[in-house]
Amino acid sequence: MAQTTNQKKYNLKERLMELLFLICALASIFAVLLICVFLFANGLPAMAKIGLFDFLGGRKWAPTDVPPSFGIFPMIVGSVYITGGAILLGVPIGILTAVFLARFCPRPAYRVLKPAIELLAGIPSIVYGFFGLVVLVPFIRKFARLFGVISNGNTILTASILLGIMILPTIVGVSESAIRAVPDSYYEGALALGATHERAVFFAVLPAAKSGILAGVVLGIGRAIGETMAVVMIAGNQARIPDSIFKGVRTLTANIVMEMGYSTGLHREALIATGVVLFVFILLINVSFSLLKRRMD
């Protein structure tokens with residue numbers, strides 16, 4: 001009798017927990033749907049008023065002109081350039097750092113390096129922006145002079161370096177977990193076949209963890225695309241198509257945060273439509289990751 005009562009209590013707790021998990025999952029889905037409805041309900045009408053091709057392909061952003069111009073193509077290009085630069089700098093360093101921490105790092109050094117990398121994830125964006133403004137901008141200004149380029153330091157290169165640093169904790173953390181999740185039999189089997197420690201790690205363990213590593217890279221890309229405050233402070237905020245990495249640009253996120261505070265009417269709707277474009281970019285990245293992951297599997 002006592003066992004039956006305890007079993008009923010246990011089953012009741014299980015059902016309650018299942019219900020709680022279901023509610024949490026539905027709440028997350030509802031939140032995403034609510035964001036989608038808000039963005040598309042307010043952004044698509046603006047695209048229709050401006051014209052889809054004029055909005056996406058227009059090269060002039062001048063909301064105060066008569067008539068106003070709402071072309072976001074320079075901001076799209078700026079976002080792609082800065083994100084691409086951050087990926088080129090941050091992804092190789094992040095993956096190699098994760099490999100070092102997971103397979104090469106001595107334990108005493110690991111106890112110092114791991115918390116230090118995790119601390120990078122907790123630093124506010126505005127602090128990164130100050131670092132870029134005080135350290136990176138003057139450095140890039142002097143670096144550009146070596147190539148005979150006069151620049152104020154607020155450039156694509158500056159923003160790419162800073163974003164490359166900012167995405168490191170995400171890439172390192174996820175990639176290290178993926179590498180540690182690979183069964184030891186992969187490493188031991190490679191050693192048994194005569195591989196060195198380095199070859200066993202890079203040619204047996206690392207390929208087995210590629211799915212998790214790719215997930216970390218995608219999360220890092222999402223962080224880079226969505227970053228705002230640090231980019232606003234050091235990217236130059238010039239709505240133009242750059243012809244050099246030593247030129248300033250304005251990203252989609254910077255465009256929204258700089259003008260949303262005083263925008264009204266069609267201007268405000270155009271900024272929300274910019275958010276729709278940003279949302280679609282991130283969605284396409286996630287879909288591409290899912291398709292690539294299926295091919296890898």
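Which side chain meets that of lysine 49 in a salt bridge? In this predicted model, the partner is glutamate 269, with a nitrogen-to-oxygen separation of 3.2 Å.

**View 1. The salt bridge between glutamate 269 and lysine 49.** The structure holds five salt bridges, and the close-up shows the one in which the side chains of glutamate 269 and lysine 49 meet. Because glutamate 269 belongs to helix α13 (residues 265-296) and lysine 49 to helix α1 (residues 2-50), the pair ties together parts that lie 220 residues apart in sequence.

**View 2. The contact of helix α7 with helix α10.** The axes of α7 (residues 168-180) and α10 (residues 210-226) come within 8 Å of each other and cross at roughly 170 degrees; since angles over 145 degrees count as roughly antiparallel, α7 is described as roughly antiparallel to α10. Helix α7 contributes Thr170, Ile171, Val174, Ser175, Ala178 and Ile179 to the contact, and α10 contributes Gly212, Ile213, Ala215, Gly216, Val217, Leu219 and Gly220. Of the residues in this contact, eight are nonpolar and five are polar, while none is charged.

View 3. Two or more of its residues come from each of α5 (125-145) and α12 (252-259), and α5 provides the largest share, with seven residues.

**View 4. The backbone at asparagine 237.** Asparagine 237 lies in the loop between α11 (229-234) and α12, and it has a positive phi of about 55 degrees although it is not a glycine. For context, most residues other than glycine have a negative phi.

Note on methods:
Residues numbered from 1 in each chain as written. Predicted model: local features only at pLDDT ≥ 70, side-chain atom pairs only at ≥ 80, totals over all residues. Heavy atoms only, no water. Axes fitted to C-alpha atoms, helices over the stretch in contact; angles between N-to-C directions. Helix = DSSP H or I, 4+ residues; strand = E, 2+ residues; numbered from the N terminus. Parallel < 35°, antiparallel > 145°, perpendicular 65-115°, else oblique. Contact = heavy atoms within 4.5 Å. Nonpolar A, V, L, I, M, F, W, Y, C, P; charged D, E, K, R; others polar. Salt bridge = Lys/Arg side-chain N within 4 Å of Asp/Glu carboxyl O.
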